[in-house]
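Thanks, everyone. I'll keep this short. Please look at the model on the screen.

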Amino acid sequence: MGEECGKEGPILSIFFSEFHNTAGPKIMYQYPENSVSKDIFDAVSVYIIPKPQIQKRIITVNVLGHKITGYPNEIKHPRYVRNALIFNLCFVFDSNARTVHYEPAVKKLSEYLENLELDNGFLSNDDSKEKMPGILKQILDDLNATGKCTIKINVGDKKFSNCDISDRRFEKCDRRPSMLCERRFTIDGKCGLDLQERRVSMVCDQKPADSFRGLRKGSDAENKLRKSLDNSSKEGHVTSVLHLKVVGILPDPPHVLDHHVPILTSERVFSRGDHWDLTTQQILPYIDGFSHIAKIAAMADVESNLVKACVENLLYYNQVELLPIFQYSNVYRVTSRIHKLYSCHDLQDECQRSVTKSSTVVPQLSHIIMLYCSMTYGISVRDLCLRFNPQTLNIDERKLVQFGLLNNIIERLHQYPVLLQPDDINFSTSSKQSSLHKLCNGFHSYDEICCKLGLTYKELNDQVERDPNILVLWKRHFKYCFYL
């Protein structure tokens, strides 16, 4: 079964395996006990403790009713019997479970154990390695219960940690930093080796808010943990801490079309600018909430399909939303959510700041509500401007519409042309009319047809009005939102 068809399921078990000097690949510890039998492990051991060519990358094995995800690791040093320590900490799931969102946690755990071994010899010391069953139990229970886990490991006292640097620290070992995306091998017992690329969260599993950096006020749990670490430090102990978090899989974003208008909804887009790809960084300055995809592609000199892919990626991470094209010929209607503007003071303040034409003086709330309530069938934005003149009220009508759509205070009424069967069997159309008639099936709005044919609203409307075989349907349409 494909990964995209599986359902999110709990971790069934966790085991730690390594390459034993005489016995070969072997499960050293697992929780719960005997959850992975020797027969199952022997069948997949070549992928649990693999050859060097596929080490240090995510490997998922789906066989015998189990899906096992691990990140095989190797530390090379002459101090080991075979000049290398090869190990793997694996999560075990049901064979139909969706596991891609656990992969960053598996990778981070493996690299954490690697650093513990490099700094303190944690894995090669029998006494310290005896703590592994308790660690596995805490990881499984906490991740299944809350999706988060904080592990504290006492790796010894300060005197012992510093007594033999040449033996306990490996100066020539390379430490691999965590990467946001990693190639992943998926091995299916029925279909052989299948190389797949998955969408992996671009947000690190440990968010800045979860760490102790900065000047923000820590939570009660963080303060308690910090106090515990301070006490252990005063007592002469060395404590290592690891934070794990499983990021849930979001649904796929809607398909972005040429006539969609993206608008940024988060300031993190710019604060984390280095995390975006070069194409996204190139188009970000042109996402203003009024330019549609085709226009952004032309202004940024980027191929349209690349712009759509970047916007879909931003949608996936809830950094943008999609709005319809703004035109003065557009017709909107007020929704029942207008009562929120009456009752919510925070929304009122936000609305006044957002729709103001001048930053020095905010418009009156009564004028804003008056304009929203005047939006109804048959009344275009142009009609509203001629009647109320929002500019004299210090209101930007474009921002007024934009804010109303983002907060579901108003909704757009779209026009969908429908071609009827002509009565004259000898009726013929020109090539230009034929291209228009192909799109007049009730599924393409005026906005989409204008972008596809390169027409203005007036040019398209004139052609539709002159054609007696085309009728226009008006449909309500909310903003192109991405609900989780």
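Of the 484 residues in the chain, 47% are buried, where buried means under 20% relative accessible area and exposed over 50%, with partly exposed in between (1.4 Å probe, protein chains only). This is a predicted model: local features need pLDDT of at least 70, side-chain atom pairs count only at pLDDT 80 or more, and totals for chains, interfaces and linings use all residues. Residues are numbered from 1 along each chain as its sequence is written, and side-chain values use heavy atoms, with hydrogens and water left out.

The chain has 19 helices and 17 strands. These are DSSP runs numbered from the N terminus: helices are H or I, at least four residues, and strands are E, at least two.

Take helix α4, residues 132–146. Its buried residues are Met132, Ile135, Leu136, Ile139, Leu140 and Leu143. They lie on the same side of α4, because they cover an arc of only 125° around the axis; the arc is that of the directions from the helix axis to the C-beta atoms. Exposed Ala145 and Thr146 sit on the face turned away from that buried side. Just after α4, glycine 147 has a positive phi of about 80°.

Now α14, residues 365–373. Which of its residues are buried? Ile368, Ile369, Leu371 and Tyr372. Their arc is only 160° around the axis, so they too are on the same side of α14. Their cover includes β15 (331–334), α12 (338–343), α13 (345–355), α15 (381–388), α16 (397–406) and β16 (410–419), with contact meaning heavy atoms within 4.5 Å.

Note on methods
The expected span of a helix is 1.5 Å times one less than its number of residues.
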